[in-house]
Amino acid sequence: MHSGTKYVGGHSDLLCGILVTQASTDGWKVWHQLQQERLALGNVIGNLESWLGVRSLRTMDLRVKRQSQTASELVNWLAHDNNDSNVIRKVLEKVQHSSLQAEDKEWLEKQMPGGFPTIFIIWMKSEAIAKALPSKLRYFQHATSLGGVESLIEWRTLSDDRIDRRILRISCGIEHVEDLKSDLLQAFQSFL
């Protein structure tokens, strides 16, 4: 079962799910049962959604590779020493992304040969910074989705009030990574 709405769609304009069955005796039984239910219930994807899905599949490989590369570069910039480290360290507490898991790096690279995930999490120094940061950004939109061509940031406590209130989730789009770095840096500087 896959969400066609996210990376397959990739343009924040498609709502669909994808169900795939295995090509085995049991898989064919499941497929036949699902087909019978579809005939009775009529839940077939619409023409527009089908066209949007096909359109999006044509660029999926390029989009996801670019998003993965952008996420890895942003994570590396935020997590390691660079010219902007003084500003970053004053507002950012930590970054979480699979590319930073040194002890599992070889296994992770084997599992994800096309690149690391396009989403990562940052912990700000305070709840006030986490709450205000999305409104200070120009390229990142404050939204809950992921997998689109636009970069998104979400103050996670809006979706789950049990989560640490300092957490922001970033979903990378296809914008130029230097533009995203500049956007984050100007927002960080506004808290100093």
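A residue is called buried when its relative accessible area is under 20%, exposed when the value is over 50%, and partly exposed in between, computed with a 1.4 Å probe and protein chains only. Ser12 has a relative accessible area of 48% and is therefore partly exposed.

Good morning, colleagues. The structure before you is a predicted model, in which local features need pLDDT of at least 70, side-chain atom pairs count only at pLDDT 80 or more, and totals for chains, interfaces and linings use all residues. Residues are numbered from 1 along each chain as its sequence is written, and side-chain values use heavy atoms, with hydrogens and water left out.

I begin with the chain as a whole. It has seven helices and seven strands; helices are DSSP runs of H or I with at least four residues, strands are runs of E with at least two, and both are numbered from the N terminus. In order from the N terminus, the elements read β-α-β-α-α-α-β-α-β-α-β-β-β-α. Along the principal axes, the C-alpha atoms fill a box of roughly 60 × 35 × 35 Å. Of the 192 residues, 35% count as buried.

Next, the pair formed by helix 3 and helix 7. Helix 3 covers residues 47-79 and helix 7 covers residues 177-189; their axes come within 10 Å and cross at roughly 40°. These axes are lines fitted to C-alpha atoms over the stretch in contact, and the angles run from 0 to 180 degrees between N-to-C directions. The two helices are therefore oblique to each other, given that angles under 35 degrees count as roughly parallel, over 145 as roughly antiparallel, 65 to 115 as roughly perpendicular and the rest as oblique.

Which residues make the contact? Helix 3 contributes Thr70, Glu73, Leu74, Trp77 and Leu78, while helix 7 contributes Val177, Leu180, Lys181, Leu184, Leu185 and Phe188. Contact here means heavy atoms within 4.5 Å.

I close with two serines in loops. Ser12 sits between helix 1 (4-8) and strand 2 (17-18), and its phi is near 55°, a positive value in a residue other than glycine. Where does Ser159 lie? Ser159 is found in the loop between strand 6 (152-155) and strand 7 (167-171). Ser159 counts as partly exposed, at 42% relative accessibility. Neighbours within four places in sequence aside, Ser159 is in contact with Thr144 and Glu154. From Ser159 to Thr118 the distance is 19 Å, C-alpha to C-alpha, with the two 41 residues apart in sequence.
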